[in-house]
Amino acid sequence: MFEQINTMITDLLGPAGPLMVVAGLAFILILATIPMMLNAKPDPMDKLKKSGQERMNAESRAVLREKSKNDKLNKYSQFLEPQDEKELSDIRMKLLQAGYRSKDAVQMYFFAQMALGVLLLGVGIVYFLMFVNGPDATLQQKMMYILGPGAMGYLGPKYWINKRVEKRKEEIQSGFPDALDMMLVCVDAGQSMDQSIVRISKELRASYPALADEFEIISHEMKAGKDKTQVLNDMSERCGVQDVSSFVTVLNQAQTFGTSISDALRVYAGEMRDKRVMRAEEKANQLPTKMTLTTMMLTVPPLLIILVGPSAIGITEMGNIGQ
């Protein structure tokens, strides 16, 4: 029976008929699930949250009004968020390290993956049917033009987040020695740790905005009364940079044992300056190795032409005279 259906589809649509039918059915299935998602029953936990919110006082209601802007995404959170708590926590931390701190960042991330995957899959199918489909189309071409764009759309947000994380880590690592020097100057001038952090967040805004954002978050959390040790540990997790983690450890130890923060900052700031110089020297030492292939490609061919060219021309002329 399946062979007859396959033969019928091949006769009607050509060699690519079975693949086109499978892709079309997948596309229809995705479109059919969207109304089911929109008409999904509300999560019982949402009802409990709403009932708890109704019993809150007027001050809490003002905060909840600001959070209610994302009710549309929260309604479909069971489809736009992983159900595993560890996976959800890892993705939220990855987005924090990329600089996306909004409450609905995880939902927007998965929505972008789903929307781009479906959209580019449809574009790939249309492009294949209009320009590539024919008797000479191979299975590799069908997979590349139909499934390739969908895979690119699905993996595109993940690639973007990873690049953002790496770029932000490099920016924080580059600006951290300057931040420590400025913090040391502020502490030696008589300012407290909280005041120096506020000053650093303002001064670093033009040069290192990512690091300035982190110090600004610290200042706000300290003003809100959050424990300083927990605030610093949260900063270490958000940055994901080893230098920041070591700095947090130094400050926590100085606070625990009652030692001078100024002395700890002076020693650690010197180490950070030395590490920055070492990183610059490492990049300078890697440059000759990276330039070797480029130098050979751009230098050796012209040199061979200059050295071997006259001899080749002379040999050619002697051969013409001999004839």
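This is a predicted model: local features need pLDDT of at least 70, side-chain atom pairs count only at pLDDT 80 or more; totals for chains, interfaces and linings use all residues.
Is E216 buried, exposed or partly exposed, and what is its relative accessible area? E216 is partly exposed, at 30% relative accessible area.

Start with the partner of E216. That residue is R205, and the two form a salt bridge. Their closest N and O atoms lie 2.6 Å apart. R205 is also partly exposed, with 33% relative accessibility. E216 sits in helix α11, residues 209-223, while R205 sits in the loop between α10 (193-203) and α11, so the bridge ties together parts that are 11 residues apart in sequence.

Stay on helix α11 and go to E214. E214 forms a salt bridge with R238. Here the closest N and O atoms are 2.8 Å apart. R238 belongs to helix α12, residues 228-239, and E214 to α11, so this pair ties together parts 24 residues apart in sequence. Both E214 and R238 are buried. The pair also belongs to a network of salt bridges, in which R101, R168, E214 and R238 are linked.

Next comes D234. D234 pairs with K226 in a salt bridge, with 2.7 Å between the closest N and O atoms. D234 counts as buried because its relative accessibility is 15%, under the 20% cut-off. K226 is partly exposed, at 35% relative accessible area.

Now step back to the whole structure. How many salt bridges does the structure hold? The count is 15. Among them are E216 with R205, E214 with R238 and D234 with K226.

Definitions and conventions:
Residues are numbered from 1 along each chain as its sequence is written. Side-chain values use heavy atoms; hydrogens and water are left out. A salt bridge is a side-chain nitrogen of Lys or Arg within 4 Å of a carboxyl oxygen of Asp or Glu. Helices (H or I, at least four residues) and strands (E, at least two) are DSSP runs, numbered from the N terminus. Buried means under 20% relative accessible area, exposed over 50%, partly exposed in between (1.4 Å probe, protein chains only).
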